[in-house]
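Hi,

Here is the structure I promised to pass on to you. Have a look at it first, and then read my notes below.

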Amino acid sequence: YCGMAAALSIAFMLLGAVIPIFMYIAPAIASFLVATVCVECGKTLAWTAYGAVSLLSLLFVPDKEVALTFVFLLGYYPLVKPKFEHIRPALLRGLCKLLCNGSILLLYGLVLLLIPGGSISQEMRTTALAVSLTTLAMGNVAFLLYDRALHNMLQAYRILWQPRLHKMLGR
């Protein structure tokens, strides 16, 4: 199951590089598949699947932003999410999740550092601060919506799909 989920994750990541609207959807779907590996096979194999999908996507996915979004945030988040769920009160839990979301800022900082040339940095300089802050706020809202969607999808998986999968496999 772990290998099949990893292969399907890579297929979605490749699809994310081909179809522009899937740029962020594909890593989210791949992260859900890693989360199902955690449910079915345990955390050790889920971390193995995350590592395999990360490495293979960095090697084979032509759009590195798709691969890096998975590596830096969406790939490992379902594996650390259960730790966040124990934090009380809910406001503190949400703030901790948003700090995890800060790794995407590290990603774009790394991209700006590694990509030579003034085109990106000049573009960043000319972009208004208000637009940058608005984009950051929208990204945080999207991440919180992703977090809730991941929770709901895992609940649906446990209730609807997992019994059928186990019945089909004869468990």
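Please keep in mind that this is a predicted model.

Leaving aside residues up to four places away in sequence, Tyr-146 touches Ala-28, Ser-31, Leu-74, Tyr-77 and Pro-78. Tyr-146 also belongs to the largest nonpolar core, which has 40 residues. Tyr-146 is one of the residues with the most contacts inside that core, along with Tyr-50, Phe-70, Leu-73, Tyr-77 and Leu-150. Several helices give two or more residues to this core: α1 (2–18), α2 (25–41), α3 (43–60), α4 (64–74), α5 (77–85), α7 (103–114) and α9 (129–169).

Next, a closer look at α1. At 1.5 Å a residue, its 17 residues should span 24 Å, and the C-alpha atoms at its ends are 25 Å apart, which agrees. Which residues of α1 are buried? They are Cys-2, Ala-5, Ala-6, Ser-9, Ile-10, Met-13 and Gly-16. Because these cover an arc of only 140° around the axis, they sit on the same side of α1. Gly-3, Met-4 and Val-18, on the other side of the helix, are exposed. As for what lies over the buried residues of α1, the cover includes α2, α3 and α4.

The peptide bond that runs from Arg-88 to Pro-89 is cis, and its omega is near 0°. You will find Pro-89 in the loop between α5 and α6 (90–101).

Enjoy exploring, and do write back with any questions.

Best wishes

Note on methods
Residues are numbered from 1 along each chain as its sequence is written. This is a predicted model: local features need pLDDT of at least 70, side-chain atom pairs count only at pLDDT 80 or more; totals for chains, interfaces and linings use all residues. Side-chain values use heavy atoms; hydrogens and water are left out. A nonpolar core is a set of buried Ala, Val, Leu, Ile, Met, Phe, Trp, Tyr and Cys residues joined through side-chain atoms within 4.5 Å. Buried means under 20% relative accessible area, exposed over 50%, partly exposed in between (1.4 Å probe, protein chains only). Helices (H or I, at least four residues) and strands (E, at least two) are DSSP runs, numbered from the N terminus. Contact means heavy atoms within 4.5 Å. The expected span of a helix is 1.5 Å times one less than its number of residues. The arc is that of the directions from the helix axis to the C-beta atoms.
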